[in-house]
Amino acid sequence: MKLWDKGFSTDKKIDHFTVGNDRELDLLLAKYDVIASTAHAKMLGRIGLLTKDETDSLVKELANIGKSIEKGEFIIEDSFEDMHSKIEYMLTEKLGDTGKKIHTARSRNDQVLVAMHLYLKNELAEIKSETKILFDLLLNLADKYKSVLIPGYTHLQIAMPSSFGLWFSAYAESLIDDLYFIDAAYKIADQNPLGSAAGYGSSFPVDRTFTTKEMGFANLKYNVVAAQMGRGKVEKATAFGISSIAATLSKMGMDICLYMSQNFNFISFPDELTTGSSIMPHKKNPDVFELVRGKCNRLQGVPNQLALILTNLPSGYHRDLQLVKEVIVPAIQDLRACIEILTFSLKEVRVNENILEDPKYDYLFSVDTLNELVLSGIPFRDAYKQMGTEIHEGRFTPKRDIKHTHEGSLGNLCLNDIRKKMEDIM
């Protein structure tokens, strides 16, 4: 069953190659095709292309299909090309000729587009909500451990004192920047492309403003060619948001792997959150965080994958665009899984509260000790040379009672201000 079936079949190899894994991906998108089809049916009734009875019958049967999707009972057999052909078949099977009328004034192109827009809107909202949960956890951890000092590093060399308060809240505030990208993608997705048909509109007097309101879109993608040109673009915008969050999570995964190692010993986790070795009985491996790092590094390549598919395509529809679905849908699932597992695991983090008692970290305090000399009236460059000489000759005595008071420093984390920034974006 194909929406473009003209009564003759194509070669099975062609079918297999062109359909790809659309059926599996469409199981995630089917409920959005039902939402769009319901709005479309109501619109057809509104402009007189369907009778009231036909409209009511279609809306009722689409609701039944929607329930079967929610229950996990909806399947797309190999005899169907995609969700669109299966749903239309189910409508026709139940309603006869009325079911055949659902495709009036639309193309599979704008069916795919509007389903993807609805799907991405939902997924972006879920990503934002799940990121907020991780953000709240990180800020709570920052507040709980704000007085516990850790080494700060530049070039992976001991640099200056930091704290768990700084470390946890740094990742929290970074997530806010990532959500700006998510919001931008959401604004692009929140435009209704339905009614653009194959990309050049329709001679039927469709009411696109009605379907825009009916499906809850903030705006309409007015130009029908622009609507079709948006296919791939909305996915790429989403990919940029995904890659931004992924970059933050990957860096945090790397920090956790370092900090869990015996050479650092800054943090640990319960045994059930780590894995062992097949031959080394002492091992507690950070597999979860290594996989977060690896998955999120891979996710940072998704915008480029999509760009390579879309590059040099002229306006209008091309079958290349089918491939963007199989890139973006798994990427969304991977990111959400990484956010979820980090939130789950970090609830159990155990912090070493005596890290800086080790004398190898004494040099962390050189800058603060130097600053004390400057505050006593010694010019900075002279104080710097004096401190350098003391360190070189082994005479350095660290000043450990440090005072960092400016906004965003370890003595003034501004957690409420960071929380306010997140509240504003939510």
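Predicted model: local features only at pLDDT ≥ 70, side-chain atom pairs only at ≥ 80, totals over all residues.
1. A word on overall form. Along the principal axes, its C-alpha atoms fill a box of roughly 95 × 55 × 40 Å.

2. What share of the residues is buried? Of the 426 in the protein chain, 47% count as buried. If you look at contacts between residues at least 6 apart in sequence, 78% of them join residues at least 24 apart.

3. The axes of α6 and α7 (residues 164-189) come within 9 Å and cross at roughly 165°. Angles over 145 degrees count as roughly antiparallel, so α6 is roughly antiparallel to α7. The crossing of α6 past α7 is left-handed. Where these two helices meet, the contact residues divide into 22 nonpolar, four polar and four charged.

4. Finally, please have a look at I102, in the loop between α5 (97-100) and α6 (108-144). Is I102 buried or exposed? Its relative accessible area is 1%, and buried means under 20%, so I102 is buried. Leaving aside residues up to four places away in sequence, I102 touches S37, H40, A41, L44, L58, E88 and L91. The C-alpha atoms of I102 and T38 are separated by 9.2 Å, with the two residues 64 apart along the chain.

Methods. Residues numbered from 1 in each chain as written. Heavy atoms only, no water. Helix = DSSP H or I, 4+ residues; strand = E, 2+ residues; numbered from the N terminus. Buried < 20%, exposed > 50% of the residue type's maximum accessible area, 1.4 Å probe, protein only. Contact = heavy atoms within 4.5 Å. Axes fitted to C-alpha atoms, helices over the stretch in contact; angles between N-to-C directions. Parallel < 35°, antiparallel > 145°, perpendicular 65-115°, else oblique. Left-handed = near helix turned anticlockwise from the far one by under 90°. Nonpolar A, V, L, I, M, F, W, Y, C, P; charged D, E, K, R; others polar.
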